[in-house]
Amino acid sequence: MLRHLLALPEYREYVLEDIKDTNAPALHVYAKLGFTVYQRRKVRVARRVGFTELVSMKLVQDPA
């Protein structure tokens, strides 16, 4: 589904915000699709619930 959305010609910039740093499978898939990390935000109480940072990723495609 994500590949389909990335192929739409109307958009060239995509942003994924607030992915938990413990969600390694999702981070790997997004990186494989070309997304790069543009922000890491530490969350004070997150360690109590099992993570330490929220990761935001971005993909900017060249116009076709």
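Start by selecting Arg40, which counts as partly exposed because its relative accessibility is 48%. Keep in mind as you click around that this is a predicted model.

The side chains of Arg40 and Glu53 meet in a salt bridge, with 3.0 Å from N to O. Arg40 belongs to strand 2 (residues 36-42) and Glu53 to strand 3, so you are looking at a link between distant parts of the chain, 13 residues apart. Is Glu53 buried or exposed? Glu53 counts as buried, since its relative accessibility is 13%, and the cut-off for buried is under 20%.

Next, bring in Lys42. Its side chain also forms a salt bridge with Glu53, at 3.4 Å from N to O. Once again strand 2 is joined to strand 3, with Lys42 and Glu53 sitting 11 residues apart. Lys42 is exposed, at a relative accessible area of 65%. Show Arg40, Lys42 and Glu53 together and you have a network of salt bridges.

**Stop two: Lys58**

Stay on strand 3 (residues 53-60) and move along to Lys58, then select Glu13 as well. These two form a salt bridge, and their closest N and O atoms are 3.9 Å apart. Glu13 is in strand 1 and Lys58 in strand 3, 45 residues apart, so this pair too links distant parts of the chain. How accessible is each end? Glu13 is partly exposed, with a relative accessible area of 44%; Lys58 is partly exposed as well, at 30%.

Lys58 lies over the face of the Tyr38 ring, at 5.1 Å from the ring centre.

**Stop three: Pro9**

Now head for the loop between helix 1 (2-6) and strand 1 (13-20), and pick out Pro9 there. Pro9 counts as exposed because its relative accessibility is 74%. While you are here, draw a distance from the C-alpha atom of Pro9 to that of Pro25: the two residues are 16 apart along the chain, and the separation is 27 Å.

**Last stop: the whole structure**

Zoom out for two totals. How many salt bridges does the structure hold? There are 4, and among them are the Glu13–Lys58 pair and the Arg40–Glu53 pair. As for aromatic rings, a search of the whole structure finds 1 pair.

Methods: Residues numbered from 1 in each chain as written. Predicted model: local features only at pLDDT ≥ 70, side-chain atom pairs only at ≥ 80, totals over all residues. Heavy atoms only, no water. Phe/Tyr/Trp six-rings, centres within 6.5 Å; stacked < 30°, edge-to-face > 60°. Lys NZ or Arg CZ within 6 Å of the ring centre and 35° of its normal. Helix = DSSP H or I, 4+ residues; strand = E, 2+ residues; numbered from the N terminus. Buried < 20%, exposed > 50% of the residue type's maximum accessible area, 1.4 Å probe, protein only.
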